[in-house]
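Subject: Structure for you to look through

Dear colleague,

I am passing on the structure that we spoke about, and my notes on it follow below. Please read them with the model open beside you.

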Amino acid sequence: YSISKGVDINVKNGMILNTSIMTATNTNNLDMIKWILNNGGDIKLLTKNSIDLVKKYGTDELKELIQNP
């Protein structure tokens, strides 16, 4: 909703993308990550913690998404 109202998708250094990484690893659902990336989310804003989380708990598909947006 916020994005559709003009909030920058990369607000607060990628907060939306980094938060969705946690959600994706907990639920194994990548829909939100894919939507964020397709709408301008910047992979370069992933934190080291998010990258480590994906490496340790992410699915192969999630690992591929963050390497090849």
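Helix 1 and helix 3 meet through Asn18, Ile21, Met22 and Thr25 on the side of helix 1 and Ser50, Leu53, Val54 and Tyr57 on the side of helix 3, where contact means heavy atoms within 4.5 Å, and helices (H or I, at least four residues) are DSSP runs numbered from the N terminus. Please keep in mind that this is a predicted model, in which local features need pLDDT of at least 70 and side-chain atom pairs count only at pLDDT 80 or more, while totals for chains, interfaces and linings use all residues. Residues are numbered from 1 along each chain as its sequence is written, and side-chain values use heavy atoms, with hydrogens and water left out.

Two packed helices are described by the angle between their axes and the distance between the axes. The axes are lines fitted to C-alpha atoms, for helices over the stretch in contact, and the angles run from 0 to 180 degrees between N-to-C directions. For helix 1 and helix 3 the angle is about 15° and the axes are 10 Å apart, which makes helix 1 roughly parallel to helix 3 (angles under 35 degrees count as roughly parallel, over 145 as roughly antiparallel, 65 to 115 as roughly perpendicular and the rest as oblique). Helix 1 passes helix 3 in a left-handed crossing, a term used if the near helix is turned anticlockwise from the far one by less than a right angle, with right-handed used if clockwise.

How do helix 1 and helix 2 cross? Their axes come within 8 Å and cross at roughly 160°, so helix 1 and helix 2 are roughly antiparallel to each other. In this contact, helix 1 contributes Ile16, Leu17, Ser20, Ile21 and Ala24, and helix 2 contributes Met32, Ile33, Ile36 and Leu37. The crossing of helix 1 and helix 2 is left-handed.

Leu62, in helix 4, is buried because its relative accessibility is 1% (buried means under 20% relative accessible area, exposed over 50% and partly exposed in between, with a 1.4 Å probe and protein chains only). Leaving aside neighbours within four places in sequence, Leu62 is in contact with Ile21, Ala24, Thr25, Leu30, Ile33 and Val54. Ile33, not counting residues up to four places away in sequence, touches Leu17, Ser20, Ile21, Ala24, Leu62 and Leu65.

Finally, there are 2 salt bridges, each being a side-chain nitrogen of Lys or Arg within 4 Å of a carboxyl oxygen of Asp or Glu. In one of them Glu61 pairs with Lys34, and the closest N and O atoms are 2.9 Å apart. This pair links distant parts of the chain, since Glu61 is in helix 4 (residues 60–67) and Lys34 is in helix 2 (residues 31–38), 27 residues apart. Glu61 is partly exposed at 42% relative accessibility, and Lys34 is partly exposed at 32%. Lys48 and Asp52 also form a salt bridge, at 2.7 Å from N to O, and both lie in helix 3 (residues 48–57), 4 residues apart, about one turn of the helix. Lys48 is exposed, with a relative accessible area of 60%, whereas Asp52 is partly exposed at 31% relative accessibility.

Methods. Helix = DSSP H or I, 4+ residues; strand = E, 2+ residues; numbered from the N terminus.
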